[in-house]
Amino acid sequence: MNMNAVIYARYSSRNQSELSIEGQLKVCYAFAQREGYNVIKEYIDRAKSGTEAENRPQFQKMITASTRGQFQIVLVYQLDRFSRNQYDNATYKMRLKKSGVRVVSARENLSDDASGKLMETLLEGMAEYYSNELSQKIRRGQAISIEKRRHISGIVPLGYKLTEDKQYEIDPITAPIVQKMYELYAAGYSLKEVGIAIKDKFDIKFGNIYNYVGKILDNVNYVGTYTRGATHIPNAIPRIVSDELFEKVKIMRNKKKKAPATARANEEYILTTTLFCGHCRDMMIGTGGTSRSGRVYHYYGCRNTIHRKTCDKKKISKEHIENFIISKALEQLTDENIELITKSVIEMSHRENKTHVITDLKRKLREITKAIDNLLNALENGKHIDLLSDKITKREKEKAHLEKLLAIEQMEHTVIDEKEVKFFLHQLKNGNIQDIEYRRALIAVFISAIYLYDDGRVRIIFNASDRPVEVDYELLDEIENLEKGESKGGSGGGRCSYMANPSP
């Protein structure tokens with residue numbers, strides 16, 4: 001089945017000839033047609049720099065939309081259209097990955113260049129591995145806003161509006177809608193019935209009734225609790241609903257919620273966007289189940305099997321397949337490989353910094369410097385002094401502008417430090433196998449794609465190699481036992497054999 005894609009296109013204020021929006025779209029649509037992608041939307045930022053993603057409104061809308069599960073591919077003309085800041089690039093790719101979305105370049109086939117793919121994923125892995133430190137800095141920057149109970153980002157909850165200082169105050173128009181929702185649910189109305197009643201009474205429109213009404217009934221803001229991430233401050237903002245009504249609704253909601261679904265929601269599936277069904281080639285996603293004894297199990301299942309029933313691929317134990325792939329990634333971290341990887345990535349980093357934009361700016365600088373020298377020579381010979389002086393002044397301004405652009409361009413292309421790369425790889429080699437950030441980093445750096453078959457085969461494509469590795473992984477009997485409520489332990493075994501055939 002074809003995957004849905006969106007196209008992201010961008011150009012900066014500099015003239016970019018073939019990188020015009022129309023040119024980018026033409027190439028992207030042709031690529032999508034060849035690959036069988038179904039393009040459902042275009043996101044276009046005009047005259048926007050690639051270095052500051054937060055200042056690109058269409059880019060931010062695309063990132064937000066990725067959480068809705070409507071598309072699986074972000075298609076760009078080339079990767080610098082997505083972001084020209086390497087660490088910004090890694091951060092937003094990770095956000096997309098958590099939503100099951102990956103970025104594809106129409107012009108750059110990075111899978112054919114092992115060092116290019118390795119550099120990209122190494123940067124992503126480093127960014128993810130050190131994300132805690134970044135998160136702490138962001139949280140420190142938000143501390144003042146939290147202290148003053150300000151709204152920081154996202155949609156303002158229904159029933160509230162913001163003051164000029166971004167503090168919450170009750171909206172007299174929409175607050176009665178929230179109050180009515182709680183009253184109806186407490187009176188025994190279902191989520192659907194509440195949604196229909198609200199639509200009829202207040203003439204408002206919203207999407208999925210269950211999600212919309214459910215989120216409002218679970219929102220502690222309405223009893224005056226200010227929330228931001230893990231921060232919960234009671235009696236900090238105006239309340240709309242009484243404690244008694246909120247608690248009554250909460251008890252009724254908890255009785256109807258199913259524990260297994262909650263457990264699945266809190267579980268992280270680190271192979272998402274990397275693990276694929278070997279039969280239909282669709283993505284394998286996180287799912288779960290409960291044995292007869294009541295024990296909750298977590299699996300990866302083919303998306304076509306789960307949602308469309310068009311594939312008969314069996315589920316695979318989340319714990320066992322993740323541990324197996326982690327062990328294969330760790331096998332790459334020999335001292336010899338660390339040296340080879342570091343050398344390859346550093347060389348690639350230097351090559352990446354020699355972009356066509358920098359080359360073009362340097363050429364223009366040489367030309368304008370030569371023109372200034374010619375004008376100065378003419379001035380020294382006493383020719384048209386007033387006219388030449390004006391031209392020299394104009395040319396000097398153009399030169400200063402080009403020098404500024406070149407400095408900005410060179411700053412945007414970070415040269416990776418060799419010691420930093422080696423330190424990171426040695427950290428991976430000796431890391432805590434149970435640490436989730438460590439496991440994420442291993443997958444991000446070394447694993448490009450995994451294709452899983454029901455006959456016990458796993459085909460792994462490593463970022464550092466152009467050839468897939470086929471591994472035998474016998475888990476089928478164990479999965480069947482798990483589904484019956486039994487467990488026999490063990491993590492399976494494997495053997496690797498390099499294959500001459502191209503990756504699937």
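Four strands form an open sheet, in the order β2-β1-β3-β4, and their pairing is parallel. The edge strands are β2 (38-46) and β4 (102-105), and each of these pairs on one side only. From one strand to the next, the twist averages 25°. The model is predicted. The points below start with this sheet, then turn to the chain, its cores and some local details.

**The sheet and its helices**

- Strand β1 covers residues 4-11, and strand β3 covers residues 73-76.
- These two strands pair in the parallel sense over four bridges.
- Tyr-8 stands opposite Val-76, a residue of β3.
- Helix α1 (residues 21-35) lies across β1, β2, β3 and β4.
- The direction of α1 is at about 155° to β1.
- Helix α2 (residues 57-65) lies across β1, β2 and β3.
- The direction of α2 is at about 145° to β2.

**The whole chain**

- The protein chain has 19 helices and 16 strands.
- Of its 504 residues, 44% count as buried.
- Take the contacts in the chain with a separation of 6 or more: residues 24 or more positions apart account for 63% of them.
- The accessible surface of the chain comes to about 27,100 Å².
- Carbon and sulfur atoms hold 49% of that surface.

**Nonpolar cores**

- The largest nonpolar core has 36 residues.
- The members that touch the most other members are Leu-271, Tyr-300, Ile-325, Leu-425, Leu-428, Phe-446 and Ile-447.
- Several helices each supply at least two residues of this core: α13 (318-330), α14 (335-352), α17 (418-429) and α18 (436-446).
- Strands β9 (275-277), β11 (296-302), β13 (447-452) and β14 (457-462) also supply at least two residues each.
- Helix α18 gives the most to this core, with six residues.
- Another core, of 28 residues, lies apart from the largest one.
- Among the members of this other core are Val-178, Phe-206, Val-213 and Val-241.

**Helix α7**

- Helix α7 (residues 175-186) has twelve residues.
- From its first C-alpha to its last, α7 reaches 17 Å.
- That is close to the 16 Å expected at 1.5 Å a residue.
- The buried residues of α7 are Ala-175, Ile-177, Val-178, Met-181, Tyr-182, Leu-184, Tyr-185 and Ala-186.
- Just after α7 comes Gly-188, which takes a positive phi of about 110°.

- Asn-235 is not a glycine, yet it has a positive phi of about 55°.
- Asn-235 sits in the loop between β8 (231-233) and α10 (243-256).
- Is Asn-235 buried or exposed? Its relative accessible area is 64%, so Asn-235 counts as exposed; the cut-off for exposed is over 50%.
- Thr-273 is another residue other than glycine with a positive phi, near 75°.
- Thr-273 is found in the loop between α11 (259-266) and β9.
- Is Thr-273 buried or exposed? Thr-273 counts as buried because its relative accessibility is 10%, and buried means under 20%.

Technical notes:
Residues numbered from 1 in each chain as written. Predicted model: local features only at pLDDT ≥ 70, side-chain atom pairs only at ≥ 80, totals over all residues. Heavy atoms only, no water. Pairing = 2+ DSSP bridges. Axes fitted to C-alpha atoms, helices over the stretch in contact; angles between N-to-C directions. Contact = heavy atoms within 4.5 Å. Buried < 20%, exposed > 50% of the residue type's maximum accessible area, 1.4 Å probe, protein only. Areas by Shrake-Rupley, 256 points an atom, 1.4 Å probe, with all protein chains shown as cover. Core = buried A, V, L, I, M, F, W, Y, C linked by side-chain atoms within 4.5 Å. Expected span 1.5 Å × (residues − 1).
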